[in-house]
Amino acid sequence: MRAKLSYALTAAVLIFYFVLVGSRGVMLIQTGTVLTVTFGVAVLILPVIGLWFLWKNTQFVRRANALAAELDAEGGLPVDELKRTPGGRIDRDSADEVFAKRKAETEAAPDDWRSWFRLAVAYHDARDTPRARKAMQRAIALHDGRPLEA
């Protein structure tokens with residue numbers, strides 16, 4: 001729940017910022033000189049890119065959460081079998097062991113979105129966010145029946 005609240009708060013702050021920046025871009029365009037119109041258009045491009053990124057990220061999170069709910073209903077969510085340090089951090093060797101199992105599972109069933117989901121969790125636990133995201137994108141694509149990118 002805390003993660004959802006943090007995400008919603010961050011999204012709200014970003015949207016507020018995009019509206020503020022966008023209004024400044026419109027003000028620059030309304031001035032009417034070549035220089036201010038050019039700057040105004042440039043300033044308006046940033047909120048558009050930001051809103052697109054926020055939308056794509058929100059869609060990704062919603063789809064990943066839907067997969068997690070479906071996997072939970074099937075009883076297939078990965079069990080947290082990771083050892084932790086006294087401070088609560090995941091033990092690196094433990095994360096590597098679980099990752100090796102998840103990778104072997106995915107190699108044995110490369111077309112199963114469930115194995116890719118569990119591999120994404122293992123990547124995340126190993127603090128490899130870019131690969132975790134790619135694995136989750138693959139799980140979503142397989143679940144939705146979309147063609148996979150190379």
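Me: What share of the contacts in the protein chain between residues at least 6 apart in sequence join residues at least 24 apart?
Reply: First, this is a predicted model, where local features need pLDDT of at least 70, side-chain atom pairs count only at pLDDT 80 or more, and totals for chains, interfaces and linings use all residues. Residues are numbered from 1 along each chain as its sequence is written, and side-chain values use heavy atoms, with hydrogens and water left out. A contact means heavy atoms within 4.5 Å. Taking the pairs at least 6 apart, the share that joins residues at least 24 apart is 48%.

Me: Which pattern does the protein chain follow along the sequence?
Reply: Elements are DSSP runs, with helices as H or I of at least four residues and strands as E of at least two, numbered from the N terminus. The protein chain has five helices and zero strands. Read in order, that gives α-α-α-α-α.

Me: How far apart are the end C-alpha atoms of helix 4?
Reply: Helix 4 covers residues 113-125, which is 13 residues. The expected span is 1.5 Å times one less than the number of residues. That gives 18 Å, and the model agrees, with the ends apart by 18 Å.

Me: Which helices are included in what covers the buried residues of helix 4?
Reply: Buried means under 20% relative accessible area (1.4 Å probe, protein chains only). In helix 4 the buried residues include Trp-113, Trp-116, Phe-117 and Tyr-123. Their cover includes helix 2 (34-74), helix 3 (92-108) and helix 5 (129-144).

Me: How much of the protein chain counts as buried?
Reply: The same cut-off applies, under 20% relative accessible area. Of the 150 residues, the buried part is 29%.

Definitions and conventions
Buried means under 20% relative accessible area, exposed over 50%, partly exposed in between (1.4 Å probe, protein chains only).
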